[in-house]
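Dear colleague,

My notes on it follow directly after.

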Amino acid sequence: MNKYYQENKEKVIQRTREWYQQHKNDKDYIEKKKNYRTENREKIKKDGRKWRNNSKKKYVRGYRNYIDEHIIETRKKARNYSKENPEKTLECQRRYREKNKAYMKMVIETSLMIKEGEIEKKPCNVCGQIEVMAYHLDRINPFNIVFLCKEHFWDRKKQEYRKKKDNR
Ligand SMILES: [Zn+2]
């Protein structure tokens, strides 16, 4: 970084911003930008990764807030993505099942016991809705469950997932 920039940082940023506002719709500029992106794909990816690592907490918080505020669109997008990429989705599911074999077995066990009436189904623990899923409070005991409606089930899953990520 040169001396001029160091001493005139604010001014340079301001001028760059102005320049960008004036030229952002120029055909020439758009073309150049596109070329730059294609030629420097790896570098851009690396820079992005570096930036995300540096500001990970901020980034994660922003990302999570965005998801929470746009939950319906986000879910719709995810559904569309899996519809458009069936192989990827299947592969992902297969890998998840492989990684969580014991857990999956326990989930099936619980649902069988519910079906056979060994475990009594209850309304959603949060909102009282009748249509419910069993949410496992640990990954070992098939009886250690609470019943949650679809919405609260996935809400809880999301929280669990985020907590796990934060502690990693
Ligand atoms: Zn509920």
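**Overall architecture**

From the N terminus on, the order of elements in the chain is α-α-α-α-α-α-α-α-β-β-α. That comes to 9 helices and 2 strands, where helices (H or I, at least four residues) and strands (E, at least two) are DSSP runs, numbered from the N terminus.

Two notes on the source apply. This is a predicted model, in which local features need pLDDT of at least 70 and side-chain atom pairs count only at pLDDT 80 or more, while totals for chains, interfaces and linings use all residues. Residues are numbered from 1 along each chain as its sequence is written.

**Shape and domains**

The chain has a radius of gyration of 24 Å, whereas a compact globule of 168 residues would have one near 15 Å; the radius is taken over C-alpha atoms, and the globule rule is 2.2 Å times the number of residues to the power 0.38. Taken along the principal axes, the C-alpha atoms fill a box of roughly 75 × 35 × 30 Å. Buried residues account for 5% of the 168 residues. A residue is buried if 20 or more other C-beta atoms lie within 10 Å of its own, exposed if 12 or fewer, and partly exposed in between, with C-beta atoms placed from the backbone.

The chain is divided into domain 1 (11–54), domain 2 (65–99) and domain 3 (100–168); these bounds come from an automatic or database domain assignment. Between the C-alpha centres of domain 1 and domain 2 the distance is 30 Å.

**Helices**

The expected span is 1.5 Å times one less than the number of residues. Helix 5 is hardly covered, with a buried count of 0. Helix 6 (residues 71–84) also reaches 20 Å from its first C-alpha to its last. Because the number buried among its 14 residues is 0, helix 6 lies largely in the open.

N35 is located in helix 3 (residues 27–39). This residue counts as exposed because it has 10 C-beta neighbours inside 10 Å.

**The strand pair**

Strand 1 and strand 2 (residues 145–148) run antiparallel and are joined by 4 bridges; strands pair if DSSP finds at least two bridges between them. H136 stands opposite I145 in strand 2.
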